[in-house]
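Subject: Structure for you to look at

Hello,

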Amino acid sequence: MEKHIEALLVLLGENPQRPGLQATPKRVAQLLRYLTSGADNSWDQLLKNGLFDSMSQEIILLKNIEFSSLCEHHILPFIGHCHVIPQGKIIGVSRIPRIIDFYARRLQIQEQLTTQIAEGLMINLNPRGVAVIMEAEHLCMTLLRSEKQHARFQTSAMLGLFQDDTEKRNELFHLLNTSPITDKRINDKN
């Protein structure tokens with residue numbers, strides 16, 4: 001891989017032997033291996049000792065999980081936040097970001113990434129419902145032709161009760177749009 005990156009630098013009109021670029025092929029190869037390492041894990045490894053039954057009927061929401069992935073069209077990053085709601089199972093909190101990375105660390109598109117996370121949770125946890133909502137900035141949009149600096153792309157996948165139960169879906173969206181800290185500050189001012 002390093003030889004190909006060095007050849008790419010030459011095609012870009014650079015001298016890969018100049019001081020600032022000498023280690024670049026190695027660094028880029030390491031970075032690309034890391035950013036596409038998602039398939040190196042398995043669901044068994046991800047869930048190991050981290051799945052528990054729950055009698056709770058309440059929504060369990062993990063908000064604002066940072067993620068990044070590489071767009072398969074331009075091999076540029078898209079970066080954002082993900083909200084994951086596995087209704088009816090308790091999973092170790094640290095497992096959910098690992099599951100997101102499991103799918104995000106590969107060449108990807110956001111629509112597919114959202115669906116893969118939701119379907120993976122539904123199949124492997126067997127909960128009553130799963131909701132995954134992602135919002136990201138795509139560097140291909142920021143840096144290329146459109147050069148739109150603050151555009152955010154949102155996707156969602158709703159399965160099980162979040163797809164079928166309007167009341168639970170409305171409760172979910174209320175939770176996503178409510179922050180206890182913000183609500184408290186507003187109430188304290190009144």
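Trp-43, Phe-102 and Tyr-103 come together as one aromatic cluster. The model is a predicted one, in which local features need pLDDT of at least 70 and side-chain atom pairs count only at pLDDT 80 or more, while totals for chains, interfaces and linings use all residues. Residues are numbered from 1 along each chain as its sequence is written, and side-chain values use heavy atoms, with hydrogens and water left out.

A pair of aromatic rings is described by the distance of the centres and the angle of the planes. Rings of Phe, Tyr and Trp (for Trp, its six-membered ring) pair if their centres lie within 6.5 Å, and planes under 30 degrees apart count as stacked, over 60 as edge-to-face and the rest as tilted. By this rule the count comes to four aromatic pairs. In one of them, the ring centres of Trp-43 and Phe-102 are 6.3 Å apart and the planes stand at 75°, so this pair is edge-to-face. The pair links distant parts of the chain, since Trp-43 is in helix 3 (residues 43-47) and Phe-102 is in helix 4 (residues 95-104), 59 residues apart; helices here are DSSP runs of H or I with at least four residues, strands are runs of E with at least two, and both are numbered from the N terminus.

How accessible are these two residues? Trp-43 has 11% relative accessibility and counts as buried, and Phe-102, at 9%, counts as buried too. (Buried means under 20% relative accessible area, exposed over 50%, and partly exposed in between, with a 1.4 Å probe and protein chains only.) Trp-43 also pairs with Tyr-103, and this pair is tilted, with 6.4 Å from centre to centre and 55° between the planes. Here, too, distant parts of the chain are linked, with Trp-43 in helix 3 and Tyr-103 in helix 4, 60 residues apart. Tyr-103 counts as buried, at 10% relative accessibility.

Phe-102 has a charged neighbour as well: Arg-106 lies over the face of its ring, at 5.1 Å from the ring centre. A charge sits over a ring if NZ of Lys or CZ of Arg is within 6 Å of the ring centre and within 35 degrees of the ring normal.

Now to the salt bridges, each being a side-chain nitrogen of Lys or Arg within 4 Å of a carboxyl oxygen of Asp or Glu. How many are there in the whole structure? The search finds five. Arg-18 and Glu-14 form one of them, at 3.1 Å from N to O, where Arg-18 is partly exposed at 36% relative accessibility and Glu-14 is partly exposed at 33%.

Another joins Arg-152 to Glu-137, with the closest N and O atoms 3.9 Å apart. Arg-152 lies in the loop between helix 6 (139-143) and strand 7 (153-160), and Glu-137 in strand 6 (residues 129-138), so the pair ties together parts that are 15 residues apart in sequence.

Lys-168 and Glu-171 also meet in a salt bridge, at 3.6 Å from N to O. Both lie in helix 8 (residues 166-176), three residues apart, which is about one turn of the helix. Lys-168 counts as buried at 16% relative accessibility, whereas Glu-171 is partly exposed at 30%.

Best wishes
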